[in-house]
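Reader: I have a model open and want a quick walk through it. Can we start with the overall fold, then go inside?

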Amino acid sequence: MASRHDSQEDPSDAGSTGLPDFGDNIDLLTFEQILEMDDDEDEREFSRSIVFGFFEQAEATFMKMDASLESKDVAQLSSLGHFLKGSSATLGLTKVKDACEKIQHYGAFKDETGTIEVLDKELCLERIKKTMVPLKQDYAEAEIILKRYYGTS
């Protein structure tokens, strides 16, 4: 009987571990480190709990970010960006991590790289607002991919 983790692709198209191609949404090497902690490769209880816990955490953080945008709390936005950056990096969600890092910098009155000071609060808020759009799109794409991987989509 085939495992729910079997790819529908030709095995030669999959990564070296037989995992499906996650594209540029998920860093395979980082995600594999999480998978290596699973006791049972069919059930994947440990990694599943981490991934689905992240989904809950991300949704709650997005709600806080939206509220912080409304209240123009750039310091809180920087903190939330930093928080979500770390948890998304742990799973290898590269695009999500990169967008969160930008939000962290903008909220600290810096440019997207964190190297140049930007003293205009409204400009920083506008940049955060614009970054939230691809952040949420990239998160949604990664969520679909991972839910499909775990057989829950």
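Reader: How many helices and strands does the protein have?
Author: Five helices and zero strands. Keep in mind that this is a predicted model. From the N terminus on, the order is α-α-α-α-α.

Reader: What share of the residues counts as buried?
Author: Of the 153 residues, 39%. The accessible surface comes to about 8,600 Å². Carbon and sulfur atoms hold 50% of that surface.

Reader: And the contacts between residues at least 6 apart in sequence? How many join residues at least 24 apart?
Author: 63% of them.

Reader: Now H2. Where does it run, and what is its reach?
Author: H2 covers residues 45–71, which is 27 residues. From first C-alpha to last it reaches 39 Å, close to the 39 Å expected at 1.5 Å a residue.

Reader: What comes just after H2?
Author: Lysine 72, with a positive phi of about 60 degrees.

Reader: Back into H2. Which residues are buried there?
Author: Ser47, Val51, Phe54, Phe55, Ala58, Thr61, Phe62, Met65, Ser68 and Leu69.

Reader: Which helices do those buried residues pack against?
Author: Four helices are listed: H1 (28–35), H3 (74–91), H4 (94–107) and H5 (121–149).

Reader: Take Phe62. What is it in contact with, leaving aside neighbours within four places in sequence?
Author: Leu84, Met132, Leu135, Lys136 and Tyr139.

Reader: Switching to the core. How many residues are in the largest nonpolar one?
Author: 34 residues. Those with the most contacts inside it are Phe31, Phe54, Phe62, Met65, Leu93, Met132 and Leu135. H1, H2, H3, H4 and H5 each give two or more residues to this core.

Reader: Which element gives the largest share?
Author: H5, with nine residues.

Reader: Which residues do ring pairs link into a cluster?
Author: Phe22, Phe31, Phe52, Phe54, Phe55, Phe62, Tyr139, Tyr149 and Tyr150.

Terms used
Residues numbered from 1 in each chain as written. Predicted model: local features only at pLDDT ≥ 70, side-chain atom pairs only at ≥ 80, totals over all residues. Heavy atoms only, no water. Expected span 1.5 Å × (residues − 1). Buried < 20%, exposed > 50% of the residue type's maximum accessible area, 1.4 Å probe, protein only. Contact = heavy atoms within 4.5 Å. Phe/Tyr/Trp six-rings, centres within 6.5 Å; stacked < 30°, edge-to-face > 60°. Core = buried A, V, L, I, M, F, W, Y, C linked by side-chain atoms within 4.5 Å. Areas by Shrake-Rupley, 256 points an atom, 1.4 Å probe, with all protein chains shown as cover.
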